[in-house]
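This briefing concerns a single protein chain. It is arranged by topic for reading beside the sequence and the structure.

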Amino acid sequence: MTPTSAKEQKLFISEVQGHQARYRKLIRFTHSSTKAAGAMLAAAVVALIVANTGAHEAFLEFWHTEVGLFFGDQFAGMSLSHVINDIFMAVFFLLVGLEVKYEMTVGELTNIRQALLPIVAAVGGVVVPIGIYLAFNAGNSEAAGGWGVPMATDIAFALGILALLGNRVPSGVRVFLSTLAVADDIIAILVIAVFYGHSPSFAWLATAAVVLFVLALMNRNHIYSLVPYLLVGAVLWYCVFMSGVHATIAGVLLAFVIPSGSRVNLKSFITWSGDKVREAGAAYQPETPVRAQGGYLETVQSLSAVARQVVPPATRLEHKLYPWVYFGVLPLFALTNADVSLVGADLGAFLSDPLLYGVMLGLVLGKPLGIMLFSFLVVKLKVASLPENVNWGHMLGAGILGGVGFTMAIFVANLAFDSEMMVTTAKAGILAASLVAGVAGFVLLMVQAKRAQKRGVAYLSTPPEDEGSLQTADLNAVRDSEELLRDIESPLLKEEVAAAKKRTGVFEIAVDLGEDNMRSDAVAEARREAVEVEITSRQVKMRSKDEEAGPQ
């Protein structure tokens, strides 16, 4: 338990502290990218097993059940599978849009020079897979339209696999892969919107544009309540759905009009909240039942009402959606879309189908090849540099993980092909490629971690003061180092960590512990000493630079 969570635990009466501890564990579980990837994998495995048994027909029949509302004799509805693919996945794209907006406003995409490497790498990871796919399928007009299938990286699976390595890989690898996946998602969203919709209805598109304009006006007029945005957003979804453009794009559009600022003047709030806390302290009567303390309750309620509004609407919505999307929507999508049935299929024709190899090799070979080639060019041209502590072995491992297509690739396959057999073949290629890329990427990065361990190098990280500003993959990794960093009593370390926490991003130290120290029983003590030496060295270097610079 971290010091912060320990202090929070003491806020509650002893009778419910156990409940609070379990609640915190549940929150941590539902915000774990590794657990989310595991939930999707389990759903995909169930779908594959059912698809190749006698229960497959009943399974399909269930997901084709119509649900909706009756208005007299009129029925408005759709099948369960369409609810998942058109409505629930719009919520997934809303979360993707919020993550993209985060990166573009306060994340890695704000500094174009810093973001240039993963952005260019993402472009390479799109162009080369498309080229490989078309090399196999350009001669088949029906299959050629599936060129978008192998271009997309599944951010949840890729980061979930990477999270298994914790802080055994540098944080720069996570930042590179997550930024690449976000840039990849932006490209995929544009491709879906432009190339994989039906013939658009310009009347409905015009209506959708008017609704989007209304949402933008709401943002412009500083409406910070989420409810109006979600209600009008539902209208936007319907207009986009009726237009012929895939309805999930409405989720992305909605994300970009939800305010990412706070309605509260944060500077004034600090003074005002301090006054309210003192008022509450003065009004509190220890011997009086809390329900009878009207003044105290009124003050606390006033503080609570304003404090809730400090957090920007976009941040509130992102945190609320994360567990529902990654433990509900995406496993449901996997359950309904990973059902590759080979029962009664002509395996010879299946295994010789160029579509299968275009998708599979596009992801397994095209993704890492494109990512590495474009990254190498950017670095060699000195337009950007590799992240701190990251080598080309790490980059290759991240590039291979980029070949984990799964959710986005299956989603595009459903849009790209009309033939059920072609969709099944594409899904088989996606699942095979995702398995190979996931295992190979993990193994390669584990080899890099083992090499670092043999050299006696460890990566120790701590989050900034605002943990909520971190992406999930970073937050999972920094928790591995918190206990070690807490145990170090060095004033230099505490000074360095305190300064680092005021900066955005993850503070990371790569220390050389020596091969013997890594293998001895005194690993923790050796790490503590090595960290203190590293901190001292950093402090000396920083002071020397300041002295050389002189007074400004």
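Contact, as used here, means heavy atoms within 4.5 Å of each other. The model is predicted, so that local features need pLDDT of at least 70 and side-chain atom pairs count only at pLDDT 80 or more, while totals for chains, interfaces and linings use all residues. Residues are numbered from 1 along each chain as its sequence is written, and side-chain values use heavy atoms, with hydrogens and water left out.

**Overall architecture**

- The chain holds 24 helices and four strands; these are DSSP runs numbered from the N terminus, with helices (H or I) of at least four residues and strands (E) of at least two.
- Of the 552 residues, 46% count as buried, where buried means under 20% relative accessible area, exposed means over 50%, and partly exposed lies in between (1.4 Å probe, protein chains only).
- Among contacts in the chain with a separation of 6 or more, 79% are between residues 24 or more positions apart.

**Confidence**

- The mean pLDDT of the chain is 81, and 80% of its residues reach 70 or more; pLDDT is the predictor's confidence in each residue, from 0 to 100.

**Nonpolar core**

- The largest nonpolar core has 121 residues, of which F92, F93, V149, L162, Y326 and F417 touch the most other members. Such a core is a set of buried Ala, Val, Leu, Ile, Met, Phe, Trp, Tyr and Cys residues joined through side-chain atoms within 4.5 Å.
- Not counting residues up to four places away in sequence, F417 touches Y133, E142, A143, G146, V149, L355, M422, V423 and A426.

**Second largest pocket**

- This pocket has a volume of about 1000 Å³. A pocket is an open set of points on a 1 Å grid over the protein atoms alone, where a 1.4 Å probe fits, with protein on both sides within 12 Å along at least five of seven lines. Grid points are joined across faces, edges and corners, and the volume is the space filled by probe spheres set on the points.
- The elements that give two or more residues to its lining are α4 (56-63), α5 (80-105), α15 (313-337), α19 (406-416) and α20 (420-455). The largest contribution, five residues, comes from α20.
- In total 33 residues line the pocket, and H82, N85, N414, L415 and F417 lie nearest its centre; lining residues have an atom within 4 Å of a point.
- The lining divides into 13 nonpolar, 15 polar and five charged residues. Ala, Val, Leu, Ile, Met, Phe, Trp, Tyr, Cys and Pro count as nonpolar, Asp, Glu, Lys and Arg as charged, and the others, Gly among them, as polar.

- T424 lies in helix α20 and counts as buried because its relative accessibility is 12%. Apart from residues up to four places away in sequence, T424 touches V340 and S341.
- G77 is in strand β2 (residues 74-79) and is partly exposed, with 44% relative accessibility. Beyond neighbours within four places in sequence, G77 is in contact with E66, V67 and G68. The C-alpha atoms of G77 and V67, ten residues apart along the chain, are separated by 5.4 Å.

**Helix α14**

- S302 has its place in helix α14 (residues 294-308) and counts as partly exposed at 26% relative accessibility. Leaving aside neighbours within four places in sequence, S302 is in contact with W272 and K276. S302 and K276 are 26 residues apart in sequence and 8.3 Å apart in space, C-alpha to C-alpha.
- E298 lies in helix α14 and is exposed, since its relative accessible area is 58%. Its C-alpha atom is separated by 9.8 Å from that of A283, 15 residues apart along the chain.

**Positive phi values**

- Most residues other than glycine have a negative phi.
- H222 has a positive phi, near 60°. H222 is placed in the loop between α10 (202-220) and α11 (226-243) and is exposed, with a relative accessible area of 54%.
- F406 has a positive phi of about 40° although it is not a glycine. F406 lies in helix α19 and is buried, with a relative accessible area of 4%.
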